[in-house]
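Here is a short report on a protein model. Keep the structure in view as you read.

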Amino acid sequence: MRNRNGSGTSLRTRVFLVNGLVFLIAGTFLALTPVTVSLPTSLSDALVLTFGLGGTVLLNLLVIGRTFAPLSRLIEAMERFEPLSPDYRVPIYGNEREIVQLTRAFNDMLDRIESERRESVQRSLAAQERERQRIAQELHDEIGQSLTALLLQVEGLARSVPDEERDALAELSRATRDTLDQVRDVARRLRPEVLDDLGLGKAITALCERLGAQSGVDINCAVDAELPQLAPEAELVAYRVAQEALTNTLRHSGAEHAALVLERDGDDVLLTIADDGRGIGDDAQPGSGIQGMRERALLIGARLRIDPGEPSGTVVRLRLDGQPYGGRPRPHETLGYG
Amino acid sequence: MIRLLVVDDHAAVRAGLFSLLRREPGLVPLGAVSTVAEALREARSLEPDVALIDFQLPDGDGLQLCRDLKLLPRPPRVVLYSAFARPALAVAAKLAGADGLIDKGVEVDSLFDSIRAVGRGEEVLPPLDPEMISRCTARLEPSDVSIFGMLMAGTSTADAAGVLGSEQREIEDRLRAMLGDLLAESSTPG
């Protein structure tokens with residue numbers, strides 16, 4: 001790339017040279033032509049002065065405009081910056097020192113903002129996960145335990161009362177058990193323990209089954225048996241994107257069918273969630289789940305695309321880099337388990 | 001007749017279980033305690049057939065307590081009765097030598113059936129998914145993997161110590177460390 005150091009002519013020098021040149025031309029013109037101005041100023045003198053000065057100023061404007069043109073291009077390029085494609089950097093236009101320096105300063109500032117933003121998103125997502133984990137734990141340990149105690153006592157009572165009163169207690173016992181199930185379900189949604197222990201494929205299959213059963217929407221779930229190993233952070237992102245996309249589908253799209261595919265594509269893992277609902281209109285709220293999905297994907301360098309489906313609906317695609325080499329060993333294969 | 005010790009730190013769960021067990025023919029609750037320390041003391045003096053223990057206890061966890069109980073001169077059979085959600089608890093329970101793992105959400109009759117089965121000498125553990133064992137193994141110190149394999153295959157810590165030429169105490173320590181590793185949280189983003 002030419003002139004990375006901005007060692008070209010400075011803008012000040014250019015303006016100085018251009019002005020000098022224009023005055024030189026004007027002066028030469030005055031010296032070499034029979035044009036004179038005398039006192040008192042005659043009409044022809046005034047015309048000569050007006051045209052002479054006007055011409056000089058216009059010429060100056062034209063040449064200086066060309067000098068500053070790279071600045072306008074730089075401004076346009078700066079305005080094209082979009083926070084969700086943070087890799088964009090402004091190309092260096094021209095070789096004027098100030099322009100090059102300004103472009104470089106702007107790009108440096110983007111770097112700093114981007115790294116700051118990345119860190120702050122990372123911190124807030126980590127805090128969000130920790131908070132979800134804490135709430136899930138409390139649901140389990142406190143409400144779950146109390147409901148278990150209640151259930152045991154109701155069952156104990158049911159065994160000690162006459163037969164005719166037993167039905168009512170059986171009903172109470174069933175209701176308590178349902179509530180316990182709901183509490184556990186909320187805890188599972190908040191913190192997918194299955195993901196840590198059983199892996200992305202099984203966690204996503206379980207997610208589809210649970211959401212399908214709860215909503216009555218037919219979710220077709222296809223998960224490749226052999227997926228490349230992903231980092232735990234990437235697995236969590238994929239799980240959250242699947243959860244968010246399916247939840248959006250079930251809550252807002254009015255879809256009758258949804259499909260989720262988790263497949264291997266070379267060394268990558270490709271997650272696709274499609275539905276036949278209304279599709280995401282322009283009225284999708286910023287800061288909604290979609291924003292969250294994008295932020296999560298950006299954070300681990302995964303690529304997320306959300307497109308309208310054919311003929312209707314929405315297609316969400318997430319591409320994650322696998323770890324083709326140096327992945328975690330799979331010791332059970334050498335131990336003879338499974 | 002199966003003589004039982006109940007260990008749970010939640011008073012209402014303890015009371016509910018105790019009264020249910022007392023009513024159930026063939027099951028005799030000897031006592032109900034809330035801590036690891038009390039459980040060990042009672043187990044030593046009462047010598048129950050089965051200890052029914054919760055996972056989360058104020059002064060330790062059910063898996064560590066399970067190991068302590070298994071080292072008593074007359075060890076009880078151990079059933080973990082837990083609301084703990086991690087699937088890997090099944091692997092940890094197997095490793096700790098528990099005889100049963102029962103979810104706190106199951107029907108009371110099913111709980112009684114499991115206690116009777118364990119009392120008869122059967123094992124009531126959920127099936128272990130190979131993928132899960134693989135993920136669990138990846139959380140261990142590489143040097144522990146061979147001990148893990150032996151213990152999961154049912155070898156006692158004393159026998160494992162004999163095979164590896166080390167002290168049983170040492171194997172017990174590694175085992176307890178592994179129980180912690182198995183249930184460690186994976187990283188969240190950040």
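## Where the chains meet

The contact draws 42 residues from chain A and 33 residues from chain B. Two residues are in contact if their C-beta atoms, placed from the backbone, lie within 7 Å. On the side of chain A that touches chain B, α3 (97–160), α4 (163–190), α5 (193–198), α7 and α9 (331–335) of chain A each supply at least two residues. The most comes from α3(A), with 19 residues.

That side of chain A holds 14 nonpolar, twelve polar and 16 charged residues. Ala, Val, Leu, Ile, Met, Phe, Trp, Tyr, Cys and Pro count as nonpolar; Asp, Glu, Lys and Arg count as charged; the others, Gly among them, count as polar.

## About the model

The model is predicted: local features need pLDDT of at least 70, side-chain atom pairs count only at pLDDT 80 or more, and totals for chains, interfaces and linings use all residues. Residues are numbered from 1 along each chain as its sequence is written, while chains are lettered from A and ligands numbered from 1 in the order in which they are written.

## The sheet in chain A

Five strands of chain A form an open sheet with mixed pairing, in the order β1-β2-β3-β5-β4. Its edge strands are β1 (218–223) and β4 (303–308) of chain A, and each pairs on one side only. Strands pair if DSSP finds at least two bridges between them. Helices (H or I, at least four residues) and strands (E, at least two) are DSSP runs, numbered from the N terminus.

β4(A) pairs with β5 (residues 314–321) of chain A in the antiparallel sense, over six bridges. A:R305 has A:R317 in β5(A) as its bridge partner.
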